[in-house]
Amino acid sequence: MERVVDLDEAAAVLAERTAGWTSVGLEVGRPTWRDAEAPWPQPLETERARVHDPDSVGVVLSGPAQTVLSVVLFRGGWADVDFIADLDDAGCLPASGITSASDFETRLDQWVARVFRSLSNS
């Protein structure tokens with residue numbers, strides 16, 4: 001898989017945002033890493049040091065009223081973004097063509113605002 005996004009830089013974005021997210025009431029799961037060199041099925045690791053050739057990093061955010069956002073960024077420049085904002089608003093968000101960690105940062109802020117919009121309205 002082509003390396004479009006530096007996953008360590010993306011993980012730094014997640015780390016920078018954690019305090020802000022928790023301060024508005026979100027629970028932030030530990031980042032998970034997948035190693036491209038690991039045999040199938042590739043396990044998810046929570047310790048970056050255990051991953052030699054990362055091909056994804058992910059995080060799950062949980063909020064009030066069972067809101068959830070799951071983001072898994074792949075080094076090839078796309079992400080799997082799944083969410084539950086409420087019973088009538090759940091699914092996947094578009095996440096392709098991510099070109100850098102700063103592009104990921106911009107999109108991540110948009111996804112968080114989209115899913116947890118009630119936190120910004122209080």
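Mentor: Let's start with a term: a polar contact is a pair of N or O atoms within 3.5 Å; within protein, one must be able to donate a hydrogen and the other to accept it, and residues adjacent in sequence count only if both atoms are side-chain atoms. Keep in mind that this is a predicted model, where local features need pLDDT of at least 70, side-chain atom pairs count only at pLDDT 80 or more, and totals for chains, interfaces and linings use all residues. Residues are numbered from 1 along each chain as its sequence is written, and side-chain values use heavy atoms, with hydrogens and water left out.

Trainee: Which backbone nitrogen does a side-chain oxygen of aspartate 6 reach at the start of H1?

Mentor: Helices (H or I, at least four residues) and strands (E, at least two) are DSSP runs, numbered from the N terminus. At the start of H1, that aspartate 6 oxygen comes to within 2.9 Å of the backbone nitrogen of aspartate 8.

Trainee: Where is the kink in H1 centred?

Mentor: The bend at a residue is the angle between axes fitted to the seven residues ending there and the seven starting there. In H1 the kink is about 35° and is centred on arginine 17.

Trainee: Which residues of H1 are buried?

Mentor: Buried means under 20% relative accessible area, exposed over 50%, and partly exposed in between (1.4 Å probe, protein chains only). An α-helix has 3.6 residues a turn, so residues three or four places apart point the same way. Here the buried set is Leu7, Ala10, Ala11, Val13, Leu14, Arg17 and Trp21. They pack (contact means heavy atoms within 4.5 Å) against several elements, including strand S4 (54-62) and helix H2 (101-115).

Trainee: Is arginine 75 buried or exposed?

Mentor: Arginine 75 counts as buried because its relative accessibility is 6%. Its side chain makes a polar contact with the side chain of aspartate 53 (2.7 Å).

Trainee: What is the phi of alanine 65?

Mentor: Alanine 65 has a positive phi of about 55°, although it is not a glycine. Alanine 65 sits in the loop between S4 and S5, and counts as exposed because its relative accessibility is 73%.
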